[in-house]
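Trainee: Please show me the structure. I would like to go through some of its side-chain pairs with you.

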Amino acid sequence: MRISCTGPTGITEQFIKESDSVLIGRQLPPGPDQIGLADGEVSSRHARLTRKGGETWIEDLGSTNGTWVDQKKIKVKTRTRLTAESVVRIGKTTLKVDADIMPPPAADGKLDPPLKEKPVEIVEAGQSMPDLFLAGASLDNIRLRLSAVCELGASLGEIDNVESLASVLLDHLHRAFPGAGGARHSGLLLGSDLILKAFRPEDQAPTCSLTLARHVRNQKKGCLWQVDAAGGVDKSASLIQTGVQSAMYVPLIWKDEVLGVLYLDAVSGKAEFDLDDLRLIQAIAAQAAMFIKNLSFQQTMQREALVKTRLLAQFPRPIAERLARQPGRMELVSERVEAVTVLFSDIRGFTKLSAGMEPELVVQTLNDMFHDLTPIILKYNGTVDKYMGDAVLAVFGSPDPDTQQWENAVQAALEMQAVIDHLVSGRWKGRPAFRIGIGIHTGPVIHGFIGAPERMEYTVIGSTINTASRYCAAAAAGEVLISPAAYARLHHCVEVDHPPRDIETKHEGKLKAYLVRGWTGVKRS
């Protein structure tokens, strides 16, 4: 099936699926039998397309906002038949479905037998450039091939995105094959799903045959197809239906990896291609594959650099580097972790102190403070969950387990208080004295990357976070308060006041809190 999806932004994407059953939902990962839509009004499992007996059907799977066919809302869990003209609306996305190679039912309701027209020439995609240029070609044809590939290389060298690359490639392809005897249609399909990234002419429906595209992808061979040819390896009924007389389909291959398929066909007239033409388009495809792969490498490096920069501000370097290598997946799935240690820190009396300060000085002082406190958290293998005005939330023991998380959290807290003392007597001298209170609690949380795909952020949620904030709120300026759950794991290496103090909370009732006086264990250098 070929499914055209026009999203909320007005951009249309074409998905080509071999499966007879395709699931549609919000942000589903790419796959041969599912389509993920970037539409907030689409449910995670919204609808299913099925193809059976030459007909295409859609079924709503109990979505929140429903599925609409030709402006009518369809019933849940009931299949609705689609025609070639049907318009489907899911959320703010519209879909057009084309069964493509499936021939229409005959008058008696039975399927017509498949047509047998097949490719008549093939070119091994792995051939070298000299073989593609020189094999059996005249001097004029060699000159044409060299000119076409050289001009393409110059044009693609300055492009920085796949969409522009696809457009320039097709424009160049039409210049290389001007179409003396008939109209030319072309297209570029990329990825394992053979998504149609661009096609010409844009004001007409694309004429590509998924049968031939899959064939050249699987066989890694370019093929020449003609309407009246005998023999060959593959049928292509859809080309007959669109009036195509002759077509060339070639794979884009880089080091034995098929990146996509490029096609060019002739509609009407007698503008048939020959083997020389097939060698030329394969040479163009080989050149394009190199640029597409190079562009993919550049984008991967840029994405990893950007993600790594963001992650280094939140995670210790080893964790940040691991996550940066997998930015598309962010493999930290949402899950419950039984033991993490949460550190809350904020400024005592910040509202009153900042009221008498110039806004620029307030921001400068906060940035100054976080600039010095953040490296301490990272030094002790902590993760900066978030900054909240004058407060910072840090987590120890997540996303990676840490058997020293309790010791690390308390040592970080004590060092943070020492840094604040140094700032007050040094750079902040003459300013209002910003002092912090710190609370530490250990317990279970749910952690994971949460947010829209373009802005995923790591965070932790659960009652442990709320409890840690209560200890922070109860800590006076310069104090570090820890919960009994944390103290139970630290009693051998911290000096605390006994008995613990009682702190009153609105929702949790009375809590016990230990005031940390010092560290008696082994210190990190």
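Trainee: Which residue meets the side chain of Glu-479 in a salt bridge?

Mentor: This is a predicted model, where local features need pLDDT of at least 70 and side-chain atom pairs count only at pLDDT 80 or more, while totals for chains, interfaces and linings use all residues. Residues are numbered from 1 along each chain as its sequence is written, and side-chain values use heavy atoms, with hydrogens and water left out. A salt bridge is a side-chain nitrogen of Lys or Arg within 4 Å of a carboxyl oxygen of Asp or Glu. At 3.2 Å, N to O, the partner of Glu-479 is Arg-501.

Trainee: How many residues apart in sequence are the parts that Glu-479 and Arg-501 tie together?

Mentor: Helices (H or I, at least four residues) and strands (E, at least two) are DSSP runs, numbered from the N terminus. Glu-479 lies in the loop between helix H11 (463-474) and strand S23 (480-482), and Arg-501 lies in strand S25 (residues 501-504), so the parts tied together are 22 residues apart.

Trainee: Is Glu-479 buried or exposed?

Mentor: Buried means under 20% relative accessible area, exposed over 50%, and partly exposed in between, using a 1.4 Å probe and protein chains only. With a relative accessible area of 16%, Glu-479 is buried.

Trainee: Which residue forms a salt bridge with Lys-293?

Mentor: Lys-293 counts as buried, at 14% relative accessibility. The N to O distance between Lys-293 and Glu-257 is 2.9 Å. Lys-293 lies in helix H6 (residues 275-312) and its partner in strand S17 (residues 257-267), so parts 36 residues apart in sequence are tied together by Lys-293 and Glu-257.

Trainee: Which residue joins Asp-171 and Arg-200 in one network?

Mentor: Arg-200 and Asp-171 meet in a salt bridge of 3.1 Å, N to O. Arg-200 is in strand S14 (residues 195-200) and Asp-171 in helix H3 (residues 162-176), so their pair links parts 29 residues apart in sequence. Salt bridges that share partners bring in one further network member, Glu-202.

Trainee: How many salt bridges does the structure hold?

Mentor: The pairs discussed here include Arg-200 with Asp-171 and Glu-257 with Lys-293. For the structure, the number of salt bridges is 18.

Trainee: What separates the C-alpha atoms of Val-496 and Tyr-514?

Mentor: Val-496 is found in strand S24 (residues 494-496). Tyr-514 is 18 residues away along the chain, and the C-alpha separation is 6.1 Å.
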